[in-house]
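Let us go through a set of assignments and ask what each one rests on.

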Amino acid sequence: MLKFKFSLLLLISIAMWVDVSACTSALVSGRLTRDGRPLMWKNRDTNDLNNRIKRIVAHDGLLEFVALFDARDTRDTAAWMGMNERGFAIMNTASYNLNHDTIPEEMMDGEGVLMRMALERCSTLADFETLLDTLPRPLRVEANFGVMDSNGDAAYYETGNYKYVKFDLNDAPEGFIIRTNYSYSGDKDRGYGYIRERNALTLLSPHVAACDIEPATFTDELSRTFYNSQTGEIYNAITANAVPEWVVDQDYIPRRISSASVVIEGIKTGEPTQLTTMWVALGYPPCAVVQPVWCGEGGVPLSLQGCGDNNHAPECDIVNARKADVFSIKRGNGMHYIHMTRLYNSEGTGYCQTLIKRALAAYEQGRNERNRRAVALTQDQQQ
């Protein structure tokens with residue numbers, strides 16, 4: 001136990017400078033989705049805008065997994081969302097209303113380390129609860145952990161340094177749960193993301209009513225829509241003919257510090273866990289393309305993997321260059337102004353407008369590849 005505790009502290013000390021996050025997220029039951037598969041979504045907000053996807057192969061009795069990492073985390077210390085070979089998936093949003101202790105700030109931010117441990121060790125929600133119960137205190141976290149397994153079970157664990165509270169998706173009458181940057185079990189009116197939570201609720205509501213939620217609902221609608229539920233303003237493909245040239249970046253789901261929009265699509269009963277699919281829009285989501293990721297050899301596109309001296313993913317660099325065109329004012333407070341007509345315009349040439357079309361093709365190709373993998377897995381089992 002002492003060796004384990006020392007290792008955990010060492011990993012946290014290495015990773016703690018990596019992430020200062022916010023994020024908007026959701027868990028969705030299969031009864032609300034177009035094809036019956038449960039979904040987990042995270043629009044990641046962070047100060048580290050160079051993200052990548054990496055496959056960590058099974059070793060030393062640990063499970064294989066793929067996850068979202070920061071480029072500068074060259075030791076792959078902290079995973080910020082991912083899934084493993086058993087169909088177990090995990091994500092987080094930072095919470096700011098749970099802890100009441102004196103743990104120094106520099107010793108916090110252990111969420112990514114904990115999530116990597118979960119991906120290496122857990123197959124079910126029960127496994128994750130055992131991990132939380134047995135880790136040494138303080139946990140050095142303050143987060144809403146979203147977890148999903150191959151049984152179709154999913155839950156949020158609002159977790160502080162000494163305890164956690166579980167919110168089971170099976171107990172949610174609406175069939176979905178949203179979390180931003182406060183916890184329902186925490187102090188009232190502390191934390192952040194109240195407006196973004198309402199944004200997500202409003203944008204999801206017609207899809208909830210129609211039971212037609214799919215991964216693109218998140219990557220190509222919520223993560224590309226500039227809607228503020230407090231003011232009522234909305235800029236998207238529908239309002240493209242009337243968008244102003246400049247907009248203040250305030251309380252939208254996609255933010256200047258958004259670095260990825262990722263959806264993990266679970267499996268139906270009887271499907272192989274290897275068909276669990278991660279749909280990744282890497283980089284600033286309004287300027288990103290969508291690509292599918294799977295566990296196993298060849299499951300991560302090369303363009304999403306870190307490479308070169310800076311360990312950047314080539315696709316993330318491409319997207320960040322587009323983003324620089326959207327946030328083009330560099331002096332003064334210019335970073336807070338979105339050049340909205342670069343994203344949506346009456347000519348239909350905005351980044352969001354053209355990339356949504358590419359995303360439709362990418363999803364179709366991804367589904368075809370998943371079907372191909374399903375056939376191959378069936379043949380392997382028969383042999």
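Q: In this predicted model, what makes β5 and β6 a pair of strands, and in which sense do they run?
A: Strand β5 (residues 81–84) and strand β6 (residues 89–94) are joined over 3 bridges in the antiparallel sense, and since a pairing requires at least two bridges, the two qualify as paired. Within this arrangement, M83 has A89 of β6 opposite it.

Q: Why are β3 and β9 called edge strands?
A: The open sheet has 7 strands in the order β3-β4-β5-β6-β7-β8-β9, with antiparallel pairing. β3 (51–56) and β9 (164–168) each have a single partner strand, so one side of each remains without a neighbour in the sheet. On average, and ignoring direction, neighbouring strands of this sheet are turned by 20° against each other.

Q: Which helices touch this sheet, and at what angles do they run?
A: Helix α2 (residues 111–121) packs on the sheet with contacts to β3, β4 (65–70), β5, β6 and β7 (143–148), its direction making about 170° with that of β6. Helix α3 (residues 125–134) lies across β6, β7, β8 (154–159) and β9, and runs at about 10° to β8.

Q: How do you know whether β7 is enclosed or open to the outside?
A: Buried means under 20% relative accessible area, and 6 of the 6 residues of β7 are buried, so the strand is largely enclosed by the rest of the structure. In a regular strand the side chains alternate between the two faces of the sheet. For β7, both faces are covered, with A143, F145 and V147 buried on one side and N144, G146 and M148 buried on the other. The strand is joined to β6 by 6 bridges and to β8 by 6 bridges, with T93 opposite N144 and N144 in turn opposite E158 in β8.

Q: What makes D212 and R34 a salt bridge, and where do the two residues lie?
A: Their closest N and O atoms are 3.8 Å apart, a value within the 4 Å cut-off, and the pair therefore counts. D212 is in the loop between α4 (194–210) and α5, whereas R34 is in the loop between β1 (24–28) and β2 (39–45), so parts 178 residues apart in sequence are tied together. R34 has 54% relative accessibility and therefore counts as exposed.

Q: How do you know whether N345 is buried or exposed, and what does its side chain reach?
A: The relative accessible area of N345 is 10%, and as the limit for buried is under 20%, the residue is classed as buried. A polar atom of its side chain lies 3.1 Å from the backbone nitrogen of E347, and the side chain reaches the backbone nitrogen of G348 at 2.9 Å.

Q: How do you know that the span of α7 agrees with its number of residues?
A: At 1.5 Å a residue, the 32 residues of α7 should span 46 Å, and the end C-alpha atoms are 46 Å apart, so the two values agree.

Notes
Residues numbered from 1 in each chain as written. Predicted model: local features only at pLDDT ≥ 70, side-chain atom pairs only at ≥ 80, totals over all residues. Heavy atoms only, no water. Helix = DSSP H or I, 4+ residues; strand = E, 2+ residues; numbered from the N terminus. Axes fitted to C-alpha atoms, helices over the stretch in contact; angles between N-to-C directions. Contact = heavy atoms within 4.5 Å. Buried < 20%, exposed > 50% of the residue type's maximum accessible area, 1.4 Å probe, protein only. Polar contact = N/O pair within 3.5 Å; in protein donor to acceptor, adjacent residues only side chain to side chain. Expected span 1.5 Å × (residues − 1). Salt bridge = Lys/Arg side-chain N within 4 Å of Asp/Glu carboxyl O.
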